[in-house]
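Welcome! Take a moment to look over the sequence and the model, and then we can walk through them together.

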Amino acid sequence: MSSITDESPRVKLFTLDLPDDRAKAGFFAGQSYDLRLTAPDGYQAQRSYSITSSPDSPNAIELAIELISDGEVSSYFHEFVKVGDKIELRGPIGGHFTWLPMITRPVLFIAGGSGIAPVMSMLRHRASSNSTAPALLMFSARNEPDVLFKDELERMANDDQNLDLILTLTRGVSSDWQGESRRIDRAMVDQAISMLVGENNLPNRAYVCGGSGFVESIGNHLLDTGMNHNDVRTERFGP
Amino acid sequence: MINNKFFGRRRPEPPRPIPPGQYLEDGFPVLSAGPTPRVDTATWEFSIEIEGETVGSWSWDALNALPQTDLHTDLHCVTKWSKLDTDWRGVTIDTLLNDAGAEAPAGFVMAHCDGGYTTNVPAADVIDGKGLLVHTYDGEPLAPEHGGPVRLLIPHLYLWKSAKWIRSLKFMDQDAPGFWERYGYHMYGDPWREQRYTGD
């Protein structure tokens, strides 16, 4: 564990230096690592976490761990883990929900809450590979402090004319909030697509990540627009 | 490796042993790799292919007219959750093969599904009551997000082998990787030997 920082009231970012063989293996943006904890009496628990950092920095991985109420693994990470601790890990895992710089056609990213995690890896990778592929991120969170990586995302969107950002809050907005303030519905999906590829066009690919219900709903909207099943990639942080 | 201050949330002992690395889940998580396909039972058809030839195909009505099997079983997902005491109704692969007048060849079988999902299983693991096409879960029609109208159910293997939205089983001589297997998931997937990923 090489660094631990607070990102939001319930989310901390943990950076883990990888052993040489894992650093050499590298990973694709969108993949995850399994972490395993072992109690002194041998009890074990493991969970998967999406990598938020770009594959361009293969020696370490950054993970966003949200403190889940009575979560046995997340509470351990939030309360007890310190810089210098060793954590057992396995990976990288996954492959369908991945973005590579060779994708040059328009891509739509839709994230809910901590679902932004694998999308951050994709957007960071996209930025560092100087991709000019048109992209739009629609990111839904409960309150403004829950918008993970907000400053970085806004900076990315400001610096890159090919990247658009739509933020929406679902629980409460302050009077100076500039973004949207409702759950992502079909109208917002249509609006995002229109902004990305114009009327009567569809994105080449969409990545949707968040809780199961969120992903199910957005996935259905995207199929309704006419997108092909295989072009809609989903990552469900169930249940 | 010991994480000294880790205690964990000790859940009540499961009523019977669950595979290594698993935890008991009361809910029924949905973790599909893509959106939920829309499948219309009016046009749904399932087929079995042996040596490139279709030996049998069944419409929704035909499937429901065959002798049905009720199964009470446990589910084990590679993402670590296990759900005990689930109830299913459907048709065994044995019944389908029998109806087609065919016998399962030795070798392997690939499940093909709406949405493009595939998964591979040894032929021996879908016969002798080990594999079913199921359409009813917990007394209700199987919901689309759980694989409805019809999914494959092979409860002795990790749940990714129980292919949702199944449309055909194609027998093959050699084993070949399906969707998740190509991304590094285990070719066989026995939860009791914790065969999650390649090399386990």
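Helices (DSSP runs of H or I, at least four residues) and strands (DSSP runs of E, at least two) are numbered from the N terminus. This is a predicted model, where local features need pLDDT of at least 70, side-chain atom pairs count only at pLDDT 80 or more, and totals for chains, interfaces and linings use all residues. Residues are numbered from 1 along each chain as its sequence is written, while chains are lettered from A and ligands numbered from 1 in the order in which they are written.

Let us begin with helix H3(A), residues 116–128. Its 13 residues reach 18 Å from first C-alpha to last, close to the 18 Å expected at 1.5 Å a residue (that is, 1.5 Å times one less than the number of residues). Eleven of the 13 residues are buried, so H3(A) is largely enclosed by the rest of the structure; buried means that 20 or more other C-beta atoms, placed from the backbone, lie within 10 Å of a residue's own. Among them are Ile116(A), Met120(A) and Arg124(A). Just after H3(A), Asn130(A) takes a positive phi of about 50°.

Next come the strands, which pair if DSSP finds at least two bridges between them. S3(A), residues 32–38, runs antiparallel to S4(A), residues 44–50, with seven bridges joining them. Here Arg36(A) stands opposite Gln46(A). Five residues lie between the strands of this hairpin, where Gly42(A) has a positive phi near 100°. S3(A) is also joined by four bridges to S6(A), residues 88–93, again antiparallel, and Leu35(A) stands opposite Leu89(A) there.

Note on methods. Buried ≥ 20, exposed ≤ 12 C-beta atoms within 10 Å, placed from the backbone.
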